[in-house]
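The following paragraphs lead the reader through a single structure, from its overall form to its individual details. Please keep the sequence and the model in view while reading.

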Amino acid sequence: MRHGAAAPVGPGGTDHARALTAAGEDEATAAGALLRARGLVPDLVVTSDALRALRTTALLVGDDGWPVRVEPDVYEASPQRLGAVLGRLPADVATAVLVCHEPGASGLSVALAGPSADPAAGALRGRLMAGLRTAEAAVLRWDGGWDDLVAATAELVEVLGPDGA
């Protein structure tokens, strides 16, 4: 999942310290409601330590108390580094949400899903190749453990946006 919409870097500020905009806060809250409505309740939420990702995570989790792990390696991570973070998740985590940044988020999702002969899956993959919009999530499923996660082994189930799409 990509974090919600963030403000630009202010004078003397850093990219790491960018806050969510009001729209980004609404997106993150809506994304959490959508995950709940779809029955996608994570055993763990792994997030970047950037301010916008931390706030997205807080709004996503809401009052549900989903476990959260802050991973500094997620900030500005390549798809390969994001995959390595997922590969280190505990075996008892069946469902995880990774709150991260572009272009790593969509790049990881495209790599994990791999090509497909199914036109619907191909359309979803094409959408991902254009990049995840703010607070949008790629939902992937695969058989195996986190340490088995390699390119082209997952099924791209859907791409969820805070607008319900």
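Predicted model: local features only at pLDDT ≥ 70, side-chain atom pairs only at ≥ 80, totals over all residues.

The secondary structure of the protein chain consists of five helices and five strands. Along the sequence they follow the order α-β-α-β-α-β-α-α-β-β. For 165 residues, a compact globule would have a radius of gyration near 15 Å, and the value for the protein chain, 15 Å, agrees with this. Along the principal axes, the C-alpha atoms fill a box of roughly 45 × 30 × 30 Å. Of the 165 residues, 43% are buried. Among contacts between residues at least 6 apart in sequence, 66% join residues at least 24 apart.

Helix 3 spans residues 79-87, and Leu82, Val85 and Leu86 are buried in it. Viewed down the axis of helix 3, its buried residues fall within an arc of 100°, so they line one face of the helix. Their packing partners are strand 1 (44-47), strand 3 (96-99) and helix 4 (104-113).

Helix 5, residues 119-129, has Ala121, Leu124 and Leu128 as buried residues. These cover an arc of only 60° around the axis, which puts them on the same side of helix 5. On the other side of helix 5, Pro119, Ala123 and Met129 are exposed. Which elements do the buried residues of helix 5 pack against? They pack against helix 4, strand 4 and strand 5 (155-160). Just after helix 5, Gly131 adopts a positive phi of about 105°.

The discussion now turns to the spaces in the structure. The largest pocket has a volume of about 620 Å³. Its lining comprises 28 residues, and those nearest its centre are Ala96, Ala138, Leu140, Trp142 and Trp146. Helix 3, strand 3, helix 4 and strand 4 (137-141) each supply at least two residues of this lining. Strand 4 gives the most, with five residues. By kind, the lining of the largest pocket divides into 23 nonpolar residues, four polar and one charged.

A search of the whole structure also finds one cavity of 30 Å³ or more. The largest cavity has a volume of about 50 Å³. Among the residues that line the largest cavity are Met1, Leu34, Ala135 and Leu160. Helix 1 (residues 22-37) contributes the largest share of this lining, three residues. The lining of the largest cavity has eight nonpolar residues, one polar and no charged.

Most residues other than glycine have a negative phi, and most peptide bonds are trans. Ala135, one of the residues that line the largest cavity, lies in the loop between helix 5 and strand 4. Although Ala135 is not a glycine, its phi is positive, about 60°. Is Ala135 buried or exposed? Residues under 20% relative accessible area are classed as buried; Ala135, at 1% relative accessibility, therefore counts as buried.

Glu76 is found in the loop between strand 2 (68-70) and helix 3. Glu76 has a positive phi of about 55° and is not a glycine. With a relative accessible area of 56%, Glu76 is exposed.

Pro103 is exposed, with a relative accessible area of 63%. Its C-alpha atom is separated by 23 Å from that of Val61, 42 residues apart from it along the chain.

Pro90 is placed in the loop between helix 3 and strand 3. Pro90 is partly exposed, with a relative accessible area of 30%. Not counting residues up to four places away in sequence, Pro90 touches Arg69 and Trp146. Trp146 is also one of the residues nearest the centre of the largest pocket. The C-alpha atoms of Pro90 and Ala23 are separated by 34 Å, and the two residues are 67 residues apart along the chain.

Methods. Residues numbered from 1 in each chain as written. Heavy atoms only, no water. Buried < 20%, exposed > 50% of the residue type's maximum accessible area, 1.4 Å probe, protein only. Helix = DSSP H or I, 4+ residues; strand = E, 2+ residues; numbered from the N terminus. Arc of directions from axis to C-beta. Contact = heavy atoms within 4.5 Å. 1 Å grid on protein atoms, 1.4 Å probe; cavity = no way out; pocket = protein on both sides within 12 Å on 5 of 7 lines; lining within 4 Å. Points joined across faces, edges and corners; volume = space filled by probe spheres on them. Nonpolar A, V, L, I, M, F, W, Y, C, P; charged D, E, K, R; others polar. Rg over C-alpha atoms; globule rule 2.2 N^0.38 Å.
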